Amino acid sequence: MGKTSIRNNIRRLRFEAKEMTQAELAEKVGVTRQTLNAIEAAKYSPTLELAFRIAKVFGVPLDEVFQYGGEAKGA
């Protein structure tokens, strides 16, 4: 089984939320800015709990923040 592809809309949601910075969002959900940066860049998949906390900050359903795309190409 290959790597999975989880996409996210965190960058768009941050800018729609009065241009919230990565540091501000990280503080609200209890992680470092570096962790949030890795999640936003799709280099790291968050825990389910963290994914829900991120969605709650923006007041949107989980599937508006994260989408599962199945196996990544070339994996």
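1. A nonpolar core here is a set of buried Ala, Val, Leu, Ile, Met, Phe, Trp, Tyr and Cys residues joined through side-chain atoms within 4.5 Å. Buried means under 20% relative accessible area, exposed over 50%, and partly exposed in between, with a 1.4 Å probe and protein chains only. The largest such core has 16 residues. Those with the most contacts inside it are Ile 10, Leu 25, Ile 54, Phe 58, Val 65 and Phe 66.

2. Basis of the values. This is a predicted model, where local features need pLDDT of at least 70, side-chain atom pairs count only at pLDDT 80 or more, and totals for chains, interfaces and linings use all residues. Residues are numbered from 1 along each chain as its sequence is written, and side-chain values use heavy atoms, with hydrogens and water left out.

3. Overall layout. The chain has five helices and two strands. From the N terminus on, the order is β-α-α-α-α-α-β. Helices (H or I, at least four residues) and strands (E, at least two) are DSSP runs, numbered from the N terminus. Of the 75 residues, 33% count as buried.

4. Who supplies the core? Helices α1, α2, α3 and α4 each give at least two residues. The largest share, five residues, comes from α4.

5. Ile 10 deserves a look. Contact means heavy atoms within 4.5 Å. Leaving aside neighbours within four places in sequence, Ile 10 is in contact with Leu 25, Ile 39, Glu 40, Ile 54, Phe 58, Val 65 and Phe 66.

6. The α2/α4 pair. Helix α2 (residues 22–29) and helix α4 (residues 48–58) pack at about 115 degrees, with axes 9 Å apart. Axes are lines fitted to C-alpha atoms, for helices over the stretch in contact; angles run from 0 to 180 degrees between N-to-C directions. Leu 25, Lys 28 and Val 29 of α2 meet Leu 50, Arg 53, Ile 54, Val 57 and Phe 58 of α4. By class, this contact has six nonpolar, no polar and two charged residues; Ala, Val, Leu, Ile, Met, Phe, Trp, Tyr, Cys and Pro count as nonpolar, Asp, Glu, Lys and Arg as charged, and the others, Gly among them, as polar.

7. Two sides of α2. Gln 22, Leu 25, Ala 26 and Val 29 are its buried residues. Seen down the α2 axis, they fall within an arc of 100 degrees (directions from the axis to the C-beta atoms), so they line one face of the helix. On the other side, Glu 27 and Lys 28 are exposed. The buried residues of α2 pack against α1 (10–16), α3 (33–40) and α4.

8. After α2. Gly 30 comes just after this helix and takes a positive phi of about 85 degrees.
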